[in-house]
Amino acid sequence: MSILPYVVSGWLFIIGLYGIVTSRNFVHLVMCLAVLQSSTYVLLLSVGYRVGGGPPVFASVPVGTPAVDPLVQALVLTDIVVEATVVALLLSLAIRIHKNTESVEPDKIVELRG
Amino acid sequence: MTITARRWLFGVCGAALFTIFILAVRELPQFGHYRGPYGDVLNRETVYERHVTDVVSAVNFDWRGIDTLGEESILFLSVVGTIVLLRTGDEEVQGKDNEDAGPNADIPLPSDATRVAALGLVGPLVVFGLYIVTHGHLSPGGGFQGGVVLATAPLLVYVAGALKTFKRIANHQFVEIMEALGIGGFLGIGFLGMARGAYLRNALPLGTTGHLFSGGTIFLLNVSTGAAVAAGMLSVMYAFLEHTIEVRLRSKA
């Protein structure tokens, strides 16, 4: 059964989404978003993997050595950078919300505003 | 909506989504049997065409350099947004407090072992970070990875309990200049490519494969990205730490 890595990726997405839907704390919610986003790393890397393929770096091996797809690895790098910065931004939003409303519970915030 | 109703709704929708996802990935090539042509073309041509040995860096900083420019803009905007959001507004009062009491006056210094280990690692980490940044086109690494390593060096100073020194490093004008030079450098190097017909095209001599100064603009873009990422990460960490310390001060007062 060689679709297992894809299944893991789907599972990470679902479990992250579950955390976001039922979250009662903004910090927890942001961490769930990070879990959700990590599913894309697993998916991208497993799509580009090749049995017996080495890293796409030809410093010590000649060109033509079987290697995995470098394109998806570059995409994952972009993905990680964007995730890290977005998490930082969202966490600072959580701090700001806590300062203004004395609460970090998403449902409570809605009630206060309503 | 109550939490129970929400769980039920998610249970149904999540199960449906997961089922559809599984049905979809069953049609993908089996894991480990990569088929797509792009990766193979890149692996075959990059070393000859660009004289660099790390194909991932070549994708990021040459073949798809324009995407990395977008990525850097996201990084920059997030950093600016974080700093703006965490700014407290009444800085004058806080600044006075900091000088008087010392924000960590009631917190014991870390143990000698921690301080020696942390301070001893600062030098090697700076060297390691610079190595990762400058060798991004030869071996795995590059501006993003090396920049983060570089930003952790001042953080170790903080771990060692030298808060004032950390503040002096992180709040220094040098960090802002580095951030500006990093982003501006990327944009400026892109214009070099205009001489050869397109923005961000590799316009410099490619050099000898495997040498430090090779790969044309890839090396320069790595360095400018490294500067931007290191400065950006440091600014974000400083903003968070500063905020924590202020909150601690306020709760003490």
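Visitor: How many helices and strands does chain B have?
Guide: Chain B has 10 helices and zero strands. Helices here are DSSP runs of H or I with at least four residues, strands are runs of E with at least two, and both are numbered from the N terminus. This is a predicted model, where local features need pLDDT of at least 70, side-chain atom pairs count only at pLDDT 80 or more, and totals for chains, interfaces and linings use all residues. Residues are numbered from 1 along each chain as its sequence is written, while chains are lettered from A and ligands numbered from 1 in the order in which they are written.

Visitor: And what radius of gyration does chain B have?
Guide: Chain B has 24 Å, whereas a compact globule of 253 residues would be near 18 Å. That radius is taken over C-alpha atoms, and the globule rule is 2.2 Å times the number of residues to the power 0.38. The C-alpha trace spans about 65 × 60 × 40 Å along its principal axes.

Visitor: Switching topic, how many residues of chain B are in contact with chain A?
Guide: 47 residues of chain B are in contact with 42 residues of chain A. Contact means that the C-beta atoms of two residues, placed from the backbone, lie within 7 Å.

Visitor: Which elements give two or more residues to that side of chain B?
Guide: Helices H1 (3–25), H2 (37–50), H3 (55–63), H4 (65–86) and H10 (217–252) of chain B do.

Visitor: What does B:Val59 touch?
Guide: Leaving out residues up to four places away in sequence, B:Val59 touches A:Pro70, A:Leu71 and A:Ala74, plus B:Leu42 and B:Arg64. B:Val59 is also among the residues with the most contacts inside the largest nonpolar core, which has 60 residues. H10(B) gives the most to this core, with 14 residues. A nonpolar core is a set of buried Ala, Val, Leu, Ile, Met, Phe, Trp, Tyr and Cys residues joined through C-beta atoms within 7 Å.

Visitor: Which residues of H2(B) are buried?
Guide: B:Gly39, B:Leu42, B:Asn43, B:Thr46, B:Val47 and B:Arg50. A residue is buried if 20 or more other C-beta atoms lie within 10 Å of its own, exposed if 12 or fewer, and partly exposed in between, with C-beta atoms placed from the backbone.

Visitor: Where is the kink in H2(B) centred?
Guide: On B:Arg44, with a kink of about 35 degrees. The bend is the angle between axes fitted to the seven residues ending at a residue and the seven starting there.

Visitor: What follows H2(B)?
Guide: B:His51, whose phi is positive, near 60 degrees.
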